[in-house]
Amino acid sequence: MDQTLLSTAPGALVDAPLTAADVRAAAERIAGKVVRTPTEYSATLSAITGAEIYLKFENLQFTAAYKERGALNALLQLPEDRKSRGVIAASAGNHAQGLSYHGTRLGVPVTIVMPKTTPTVKVMQTESVGGKVVLEGESFDEAYAHARKLEVELGLTFVHPFDDPHVAAGQGTVGLEMLEDVPDLDTLVLPVGGGGLSSGMGTIARDINPAIRLVGVEAQLYPSMYNLLKGTNLPIGGDTLAEGIAVIAPGLMTSKVLRPLLDEFLLVSEPAIESALCLLLQIEKTLVEGAGATGLAAVLNNRELFAGRRVGMVLSGGNIDTRLLANVLLRDLARSGRLARLRIGLQDRAGALFKVAKVFHEHNVNIIEVFHQRIFTHLPAKGLVTEIECEARDKQQLEALVSALRREGYEVKLVETE
């Protein structure tokens, strides 16, 4: 992984489109209208990582994400005639809910254009907080183009999810609150997608403490801002758990702000994001979406960069599909050795399964499900393949079971999760 410091061009902030004063003004504007979420020290995560870890619980917002802040800041600065006409955005995620919720509360009509492929639950969540949803196109780009078309045709105001100084200033209030609560933070880990949150937080943090270390984090499958700022050409695309920061085209305004701010820029893999999400649920008893777990994933995978430092990170959202969450949790159990599927070759005769089950019993490993395969196997016609899904205490107990089965003469293969 390339961890070279980002270059800072002389005078890069002279024409800064976003200032610390903008963030402070946003904080005053939205005070009392969004949740002032807590920043808490995590003793257990600190022990695991070797750094002092402080977590900002933005998943406690009403719509479970920081996006409310930027949406509200933008809405509050609209002229009255524009408020009455309404606003429009293209989003299938947290921006849609934040804009709809606060628009409805302020009496501003909100239209959200989503791709036709958007899961029904996201449509329903947006409509439940007052947004009018228009389904158009098969991709986000097509939905975005249609939103810009409606903006002109209907005289609406487009509120960009990240590439807007009012939106980024609102997101920056997350960083302002963190440094009010824990003034001696020396490092902030910033999830980066389009760049709204990271540019806002980075701007105010660097103003408060010029020596603070700012580390950007992107999903490895979507290194769009990373490519832009570091001059690389890494491939972009794929099914990422961190869909909240899965951006193909990063913001032009936000990239200008971030270029002189970030000291490090890291990429995190899907397994790392999954593991961090599960760790937060198990240790902090808090639910985050994939994007909200990227900060912890970066620290866990680059411990030497954060050792001994006082690190602040944002749990940026808590909206995750429950079925997807179930899959992530089960995969994590499999990686840790607590859940496994063993493929075992047996003779197709009475008592064969009983003998295998006896070995499981002797090692106190619980059998969850058993699958027989007689046709699609390399074994002779009198043989069969049995796949046994089982639950163990830990990886060591599972390894002891596998060794015992092999000593009994069984061909055993562990079915991998990835």
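**Entry 1: H1 and H8**

I began with helix H1 (residues 20-30) and helix H8 (residues 165-181), and I found that their axes come within 8 Å and cross at roughly 90°. I note that this is a predicted model. Because angles from 65 to 115 degrees count as roughly perpendicular, I wrote down H1 as roughly perpendicular to H8.

I then looked up which residues make the contact: from H1 they are Asp 22, Val 23, Arg 24, Ala 26, Ala 27 and Ile 30, and from H8 they are Ala 169, Gly 170, Gly 172, Thr 173 and Leu 176. When I sorted the residues of this contact of H1 with H8 by class, I had 6 nonpolar, 3 polar and 2 charged.

**Entry 2: H1 and H9**

Next I turned to helix H9 (residues 196-208), which packs with H1 at an angle of about 105°, the two axes being 8 Å apart. I therefore recorded H1 and H9 as roughly perpendicular to each other.

On the H1 side I listed Ala 20, Val 23 and Arg 24 as making this contact, and on the H9 side Gly 200, Thr 203, Ile 204, Asp 207 and Ile 208. By class, I noted 4 nonpolar, 2 polar and 2 charged residues for the contact of H1 with H9. Comparing my two lists, I saw Val 23 and Arg 24 of H1 in both the contact with H8 and the contact with H9.

**Entry 3: Domains**

Last, I looked up the domain assignment of the chain, which gives domain 1 as 20-65 + 164-329, domain 2 as 87-155 and domain 3 as 338-414. For domain 1 and domain 3, I noted that their C-alpha centres lie 43 Å apart.

Methods: Residues numbered from 1 in each chain as written. Predicted model: local features only at pLDDT ≥ 70, side-chain atom pairs only at ≥ 80, totals over all residues. Heavy atoms only, no water. Domains from an automatic or database assignment. Axes fitted to C-alpha atoms, helices over the stretch in contact; angles between N-to-C directions. Helix = DSSP H or I, 4+ residues; strand = E, 2+ residues; numbered from the N terminus. Parallel < 35°, antiparallel > 145°, perpendicular 65-115°, else oblique. Contact = heavy atoms within 4.5 Å. Nonpolar A, V, L, I, M, F, W, Y, C, P; charged D, E, K, R; others polar.
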